[in-house]
Amino acid sequence: MKPTNRSLPFDSSGYYFITLFALVIAGFWPTYFAKFFDGTADFTFYLHFHATLAMLWVFMLIAQPILIRRKKFELHRKIGKLSYVLVPLIFVSIILLAHSTLRGPKENVGLELWVPFKDLLIFAVGYVIAIKYRKTMAIHARGMIVAGIVLIEPALVRLILYVFFPDQGFAPNGYITMIVLLYTLLIGLMVAERKQKIGRWVFPLALGLYIFVHSVLIFQIKIPGWQAFAEWFKALPLT
């Protein structure tokens, strides 16, 4: 990687991703992890498959910048190459999990499928940026951060709903709170690196994507062909 002057300590981001790991555990504790202790973990293979791969991705996000910080560049490259296998598997796991949740009659298949596919879109954009600019640290690191931030939304919204709206199921106010916190994080990153000359476009791009996907979800904006695609996807014999 070509080191570049930067305002954010990207080689320290692994320590921040440890917080992401704690957030994932806390957010999914009531509905997933805790059920292994009370004997009610009757989840599908697709959920276990996705959860395992997602945790491996978090561990990679933690390890890679720490290895850079400690100048373990060769090990960093070797682990990075594993992502060429891990990321496609994560894509497969999201697709299979999404398909498995669409069984039976659904009121709005298109909207339900949009929830996992919006995360897949932003994850893909972040990862592609990271790989395309893997020799330019400032841009590569931003892409990986975007690909990591994708994990914040599902964990954070579950934590907010569990703590502040425990008896309401899905509470719109809880989802809006999560969106505000997520946008605050991205805007904070943008402000912190406002004087950076290289790669400053990555976080605004991520924010723009989030505004788009959340607007479609909240305002139920109709995307031409999406409903037909969702119905076709649901009918596939995948799960």
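In which helix does V58 lie? V58 belongs to helix α2, helices being DSSP runs of H or I with at least four residues, numbered from the N terminus. The model is a predicted one, in which local features need pLDDT of at least 70, side-chain atom pairs count only at pLDDT 80 or more, and totals for chains, interfaces and linings use all residues. Residues are numbered from 1 along each chain as its sequence is written, and side-chain values use heavy atoms, with hydrogens and water left out.

V58 is buried, at 2% relative accessible area (buried means under 20%, exposed over 50%, partly exposed in between, with a 1.4 Å probe and protein chains only). Beyond its neighbours within four places in sequence, V58 is in contact with F17, F21 and L151, where contact means heavy atoms within 4.5 Å.

Helix α2 also carries W57, which pairs with Y127 of helix α4 (residues 109-132), 70 residues away in the chain. A pair of aromatic rings is described by the distance of the centres and the angle of the planes. For W57 and Y127, the centres are 6.1 Å apart and the planes stand at 70 degrees, so the pair is edge-to-face (rings of Phe, Tyr and Trp, the last by its six-membered ring, pair with centres within 6.5 Å; planes under 30 degrees apart count as stacked, over 60 as edge-to-face and the rest as tilted). Both partners are buried: W57 has a relative accessible area of 1% and Y127 one of 10%.

In total, the structure holds 21 aromatic pairs. One aromatic cluster is formed by W114, F117, F212, W226, F229, W232 and F233.

Conventions: Helices (H or I, at least four residues) and strands (E, at least two) are DSSP runs, numbered from the N terminus.
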